[in-house]
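Dear colleague,

Please find below the structure that I promised to pass on to you. My notes on what was found in it follow directly after.

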Amino acid sequence: MIAKYKNIVVNIASRVMAPFMMLYALYALFHGHSSPGGGFQGGAIMAAGVMLLRLTLGKERSSRKFPVWLAPVIGTTGVFIFAGTGIVTMLGGGNYLDYGFLPFPFLSPSEHRFWGILIIEIGVFLGVSGIMVTIFDCLTAEQE
Amino acid sequence: MSWEIGLIIVVVVIISAIVALSIRDLLAASFVLMAYSFGMALLYTELGAPDVGFTEAAVGAGLSGVFIIAALYYMKRRSDD
């Protein structure tokens, strides 16, 4: 349903802007401890970057960079990272998502919590971006 | 100085909400709804909650607008109300 947008200014501008949007999404993810941001916001911005390419380049050309089948895989991988971290902490003897029980040797408890929260945020990032792109692909799919 | 900026943002948000409810063209209504979301993001940031404002600007003004416009392909453009 979505074809290539026939305007060279829009095409070039969105093609230049999209990698910077994805880079800013990664900044919002990894700097979310000490500034506004985090997994959900970063995932939303990453999905917006992918959707910008989908809208301007058309689905065929943007599928070469980000295939349609990849989005649900990324989303479910994020859910598995989130739930798997919680189950690992339960196997270590703690409550669900009790980061102090993560099996990292040679790390202090505060560093356990730092890395645990970062892993959870990465899971949320992958889940949100994958599911948002999946919703967009389903909304704009070809109708028989 | 702060409350004047807040007053301006509140007036913009209220006007855009009324316009989004009363306009007949659904595409224009979705764009005005995105403007409303962006005003709400500015209002949250002005009230001292930059995290909520960030989320509102990313999801409310960006993604939900794209979703609404994509869903608009499946219906006719003018409202019947």
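**Charges, helices and surfaces**

In chain B, the mean positions of the 4 positive and 7 negative charges are 20 Å apart, where Lys and Arg count as positive and Asp and Glu as negative, with His and the chain ends not counted, and where the place of a charge is NZ of Lys, CZ of Arg, CG of Asp or CD of Glu. In chain A, which has 9 positive and 7 negative side chains, the centres of the two sets lie 15 Å apart.

Please bear in mind that this is a predicted model, in which local features need pLDDT of at least 70 and side-chain atom pairs count only at pLDDT 80 or more, while totals for chains, interfaces and linings use all residues. Residues are numbered from 1 along each chain as its sequence is written, chains are lettered from A and ligands numbered from 1 in the order in which they are written, and side-chain values use heavy atoms, with hydrogens and water left out.

Chain A has 5 helices and 0 strands, and its C-alpha atoms fill a box of roughly 55 × 35 × 20 Å along the principal axes.

Of the 144 residues of chain A, 39% count as buried (under 20% relative accessible area, with a 1.4 Å probe and protein chains only), and of the 81 residues of chain B, 32% do.

Notes
Helices (H or I, at least four residues) and strands (E, at least two) are DSSP runs, numbered from the N terminus. Buried means under 20% relative accessible area, exposed over 50%, partly exposed in between (1.4 Å probe, protein chains only).
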